[in-house]
Amino acid sequence: MIDVSPKFKTLRYALARGVLKAKPETIKRVADKTVPKGDVLEVARAAAISAAKRTADWIVFCHSLPIYWVEIDFEIGLETITVSAHVKSVWKTGVEMEAMTAVSAALLNIYDMLKPLDTDISFSDVHLVEKTGGKSNFKDRFAAPLRVAVVVLSDSTH
């Protein structure tokens, strides 16, 4: 495990995505909420949020960190469901793994709920789309030279 104790706490953000592919009739059942196991997207959302908060339990070298915000979005296509996970924290290390774990958990739960209906389901392309925070947000120079003036005003009569 990497020693993060000398790092600064900064606002960290990550966005990850992944895609599940299935037959059009299977995707339609998800959209219509007619899957026998229940509301697929709400179960996947809950699983993703839980997974983001417990990433350090799954990924050996991940640090345990406070998660301040997780948002899970779904985009339903004709033969696909795209899952996006946004994660924020103020901590000494990034939240990329939390975002990718959230996406993976959502995709696994969708797969599990749909497998009785479709034998051709697959998911792939879990990847980091964006991340911010950390030392990349610090600059050791100002964009333009600074000009400083000190003005002292006093109404004292001493």
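**Exercise 1. A backbone angle in a loop**

Where is Lys33 found? Determine its element, its backbone angle and its exposure.

*Solution.* The model is predicted: local features require pLDDT of at least 70, side-chain atom pairs count only at pLDDT 80 or more, and totals for chains, interfaces and linings use all residues. Residues are numbered from 1 along each chain as its sequence is written, and side-chain values use heavy atoms, with hydrogens and water left out.

Step 1. Lys33 is found in the loop between helix 1 and helix 2. Helices (H or I, at least four residues) and strands (E, at least two) are DSSP runs, numbered from the N terminus.

Step 2. Although Lys33 is not a glycine, it has a positive phi of about 55 degrees.

Step 3. Lys33 is exposed because its relative accessible area is 57%. The classes are buried (under 20% relative accessible area), exposed (over 50%) and partly exposed (in between), with a 1.4 Å probe and protein chains only.

Step 4. Asp125 also is not a glycine and has a positive phi, of about 60 degrees. Asp125 is found in strand 4, and at 48% relative accessibility it counts as partly exposed.

**Exercise 2. The chain as a whole**

Describe the secondary structure, dimensions and surface of the protein chain.

*Solution.* Step 1. The protein chain has four helices and four strands, and their order along the sequence is β-α-α-α-β-β-α-β.

Step 1. The radius of gyration of the protein chain is 23 Å, whereas a compact globule of 158 residues would have one near 15 Å. This radius is taken over C-alpha atoms, and the globule rule is 2.2 Å times the number of residues to the power 0.38. The C-alpha trace spans about 85 × 35 × 30 Å along its principal axes.

Step 2. Of the 158 residues, 37% are buried. The protein chain exposes about 10,300 Å², of which carbon and sulfur atoms supply 56%; accessible areas come from the Shrake-Rupley method with a 1.4 Å probe, and for residues only the protein chains shown count as cover.

Step 3. Among contacts (heavy atoms within 4.5 Å) with a separation of 6 or more, residues 24 or more positions apart account for 77%.

**Exercise 3. Salt bridges**

How many salt bridges does a search of the whole structure find? Locate several of them in the chain.

*Solution.* Step 1. Side chains of opposite charge can pair when their charged atoms come close. The criterion for a salt bridge is a side-chain nitrogen of Lys or Arg within 4 Å of a carboxyl oxygen of Asp or Glu. The search finds eight.

Step 1. Lys28 and Asp32 form one of these, at 2.6 Å, N to O. The two residues are separated by about one helical turn because they are four residues apart in helix 1 (residues 24-32). Asp32 is partly exposed, at 41% relative accessible area.

Step 2. Lys37 and Asp112 form a salt bridge at 3.7 Å, N to O. This pair links distant parts of the chain, with Lys37 in the loop between helix 1 and helix 2 (40-53) and Asp112 in helix 4, 75 residues apart. Lys37 is partly exposed at 45% relative accessibility, and Asp112 is partly exposed at 32%.

Step 3. Glu96 and Lys131 form a salt bridge at 2.8 Å, N to O. Here too distant parts of the chain are linked: Glu96 lies in helix 4 and Lys131 in strand 4, 35 residues apart. Glu96 is buried, with a relative accessible area of 17%.

Step 4. Salt bridges with shared partners join Lys37, Asp112 and Lys115 into one network.

**Exercise 4. Two residues and their surroundings**

Is Thr55 buried or exposed?

*Solution.* Step 1. Thr55 is found in helix 3 (residues 55-58) and is buried, because its relative accessible area is 1%.

Step 1. A polar atom of the Thr55 side chain lies 3.0 Å from the backbone oxygen of Ala51.

Step 2. With neighbours within four places in sequence left aside, Thr55 is in contact with Cys62, Met97, Glu98 and Thr101.

Step 3. Asp120 lies in the loop between helix 4 (96-114) and strand 4 (122-132), and at 51% relative accessibility it counts as exposed.

Step 4. Not counting residues up to four places away in sequence, Asp120 touches Lys21 and Lys23. Asp120 and Lys21 are 99 residues apart in sequence and 8.1 Å apart in space, C-alpha to C-alpha.

Key:
Polar contact = N/O pair within 3.5 Å; in protein donor to acceptor, adjacent residues only side chain to side chain.
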